[in-house]
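Look at the model shown here and follow the text from one part to the next.

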Amino acid sequence: MSIQKNSDRKHLELKLPHMPWFVQQFIDYKRPDLSPSTLLEYIRDYESFFGWLRAEGLSAAGNNAGLTLMDLEVLHMDSIVGYRLYLTTRAEGTNTRVTVSRKLSALRSLFHYLSQIAEDENFYPLLKRNIMAKVEIKRIHKPKDTAAKLKGKILEEEELLEFVGYIYEGYGRDVENNKQAYYSFQLNRERDACIASLILNSGLRVSEVVNLNVDDLDVNNKLLYVTRKGNNDETFKTPVYFREQSKDDLLLYLSLRTTRYKTPKREKALFITLPNGQQEGKRMTKRAIQEMIIKYAKRFGKPYLTVHKLRHSFATDYYLQNDIYKTKEQLGHASTETTEVYAHLTDKTMSEAIEKRMES
């Protein structure tokens, strides 16, 4: 089982008892089809909605677990509009259109289950009236729009190699007057460069990198065995190839992994961190890798660059040399619709290539 899934499953089990019984029933219904991470997101979205209902006096329940089916049955369209306004204008921080769409979709899934699938002892639907069936949720993620937002915010062509090179050398020159930053750089540069190189040469997601074990790596064949997002068979790992450029980076890091990070033999994780004051190294976290890439990106002059944009950078570069179906498989996308982003992203690159050809 992946580390992230295991953590999310524990959080899910802690939160479920604080949900109404019909939500617990819905989650059980969805367990075979959805990952613990997705189910946990559902629960967080329901916490938000139920908390708002109680705060607005639309439920007399003293806590979320006390919410009733009748509370949902008698909701008016005005209430749903009010909740949407709350999500987009609340003082603690507004939600993006994508987040609002996701939260409303989570509610639609619950209301659909209660009105169309779940039954009471007399075979009647648990929910007689489904207000969420009236709510239109516009599609937010259009590949062309996503591509437009990414342009100028990913690495292109020579920049892929330059960024890894910067982690090896350039960053050290930039922080050499800061003793603490320079010490951390000297300790971790081979590991950090290896992680960036691996993503830029394979397109792995950060969660997939975190979950990698040493045994998942076949350096000679440039192959990784990866627990893919959305695959609920946790015993199956997908073979994913990486490009030649990462081979030396991996071998260099592996030569340092045990001694530099005081890694115990029982620790299977590929990428290790040694926290201050600790006697043994342990698996890096998702957040640590995200923050690490942001740290280097800012100094590199690409403040918008994130660990996920490294994946986009690889995908754009890979798509220029392969078709959409190979790109889909390499990235582990569920459908080619998601992969279409890179077709739009490469439009500009292709047009520039034509201009260069014409000039030469």
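The largest share of the lining of the second largest pocket, seven residues, comes from α9. This is a predicted model, in which local features need pLDDT of at least 70 and side-chain atom pairs count only at pLDDT 80 or more, while totals for chains, interfaces and linings use all residues. Residues are numbered from 1 along each chain as its sequence is written, and side-chain values use heavy atoms, with hydrogens and water left out. Helices (H or I, at least four residues) and strands (E, at least two) are DSSP runs, numbered from the N terminus.

A pocket is found on a 1 Å grid over the protein atoms alone: an open set of points where a 1.4 Å probe fits, with protein on both sides within 12 Å along at least five of seven lines, and lining residues have an atom within 4 Å of a point. About 580 Å³ of space lies in the second largest pocket; grid points are joined across faces, edges and corners, and the volume is the space filled by probe spheres set on the points. Of the 24 residues that line this pocket, Ser184, Asn188, Thr273, Leu274 and Asn276 are the closest to its centre. At least two lining residues each are supplied by α9, β5 (282-283) and α12. By class, the lining has eight nonpolar, eight polar and eight charged residues. Here Ala, Val, Leu, Ile, Met, Phe, Trp, Tyr, Cys and Pro count as nonpolar, Asp, Glu, Lys and Arg as charged, and the others, Gly among them, as polar.

Now turn to the helix packing. Helix α9 (residues 179-200) packs against helix α12 (residues 286-300) at an angle of about 100 degrees, with their axes 11 Å apart. Axes are lines fitted to C-alpha atoms, for helices over the stretch in contact, and angles run from 0 to 180 degrees between N-to-C directions. The two helices, α9 and α12, are therefore roughly perpendicular to each other (65 to 115 degrees; under 35 is roughly parallel, over 145 roughly antiparallel, and the rest oblique). Ser184, Phe185, Asp192, Ile195 and Ala196 of α9 make the contact (heavy atoms within 4.5 Å) with Ile289, Met292, Ile293, Lys295 and Tyr296 of α12.

Helix α13 (residues 307-319) also packs with α9, at an angle of about 45 degrees and with axes 8 Å apart. Therefore α9 and α13 are oblique to each other. Ala196, Ile199 and Leu200 in α9 meet Val307, Leu310, Arg311, Ser313 and Phe314 in α13.
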